[in-house]
Amino acid sequence: MEEEQDKPPEDPNKMDYELFHFLIKIMRTIFIGFFWMMINVFLGLYLGFAVPEESTPGRMIFFYAWFGVSMIAYLYFVWRLWRKKMSAP
């Protein structure tokens, strides 16, 4: 009982670090996902690698191979980022 009285009061304006790291994970996931999508939209639609009327079979094979490999890499990154469990309060 005396130990509780000896503690200084916690600052209510201080943000919880676990919550802060959780929000950082969310921001990283969204930012890198959007960046990955922008690269693929640029290559596929703007440069025409994914459009059959505008592309050759070799360019389409390159684009869809790149798309698959980069998607697997992104999903692996997200899995590694989110696999750590948060501690219970």
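User: Is Trp82 buried, partly exposed or exposed?

Analyst: This is a predicted model, and the accessibility is computed from it. Buried means under 20% relative accessible area and exposed means over 50%. Trp82 has a relative accessibility of 30%, so the residue counts as partly exposed.

User: How many aromatic pairs are there, and how are the rings of Phe22 and Trp82 arranged?

Analyst: Ring centres within 6.5 Å make a pair, and by this rule the count comes to 9 aromatic pairs. The rings of Phe22 and Trp82 have centres 5.5 Å apart. Their planes are at 85°, and planes over 60 degrees apart count as edge-to-face. The arrangement of Phe22 and Trp82 is therefore edge-to-face.

User: How many residues apart in sequence are the parts that the pair of Phe22 and Trp82 ties together?

Analyst: Phe22 lies in helix α2, and is partly exposed at 30% relative accessibility. Trp82 lies in helix α3, which covers residues 57–82. The pair therefore ties together parts whose separation in sequence is 60 residues.

User: Are the rings of Phe31 and Phe35 stacked or edge-to-face?

Analyst: The ring centres of Phe31 and Phe35 are 6.3 Å apart. Their planes are at 15°, and planes under 30 degrees apart count as stacked. The pair is therefore stacked.

User: What separates Phe31 and Phe35 along helix α2, in helical turns?

Analyst: An α-helix has 3.6 residues a turn, so residues three or four places apart point the same way. Phe31 is exposed at 58% relative accessibility, and Phe35 is partly exposed at 44%. Because the two are 4 residues apart in helix α2, their separation is about one helical turn.

User: Is Leu43 buried or exposed, and with which residues is it in contact beyond its neighbours within four places in sequence?

Analyst: Leu43 is in helix α2, residues 17–46. Its relative accessible area is 18%, so Leu43 is buried. Across 20 residues of sequence, the C-alpha atoms of Leu43 and Phe63 are 7.5 Å apart. Leaving aside neighbours within four places, the residues in contact with Leu43 are Gly48, Phe49, Phe63 and Trp66.

User: Against which helix do the buried residues of α2 pack?

Analyst: The buried residues of α2 are Lys25, Thr29, Gly33, Trp36, Asn40, Leu43 and Gly44. The buried residues of α2 pack against α3.

User: How far apart in space are Met71 and Gly33, C-alpha to C-alpha?

Analyst: Met71 lies in helix α3 and is partly exposed, with a relative accessible area of 33%. Gly33 is one of the buried residues of α2. Met71 and Gly33 are 38 residues apart in sequence, and their C-alpha distance is 9.5 Å.

User: What is the distance between the end C-alpha atoms of α3?

Analyst: α3 has 26 residues, and at 1.5 Å a residue these should span 38 Å. The distance in the model agrees with that expectation. The end C-alpha atoms of α3 are 37 Å apart.

User: Which residue just after α2 takes a positive phi?

Analyst: α2 has 30 residues and reaches 42 Å from its first C-alpha to its last, close to the 44 Å expected. Just after α2 comes a residue with a positive phi of about 80°. That residue is Gly48.

Technical notes. Residues numbered from 1 in each chain as written. Predicted model: local features only at pLDDT ≥ 70, side-chain atom pairs only at ≥ 80, totals over all residues. Heavy atoms only, no water. Buried < 20%, exposed > 50% of the residue type's maximum accessible area, 1.4 Å probe, protein only. Contact = heavy atoms within 4.5 Å. Phe/Tyr/Trp six-rings, centres within 6.5 Å; stacked < 30°, edge-to-face > 60°. Expected span 1.5 Å × (residues − 1).
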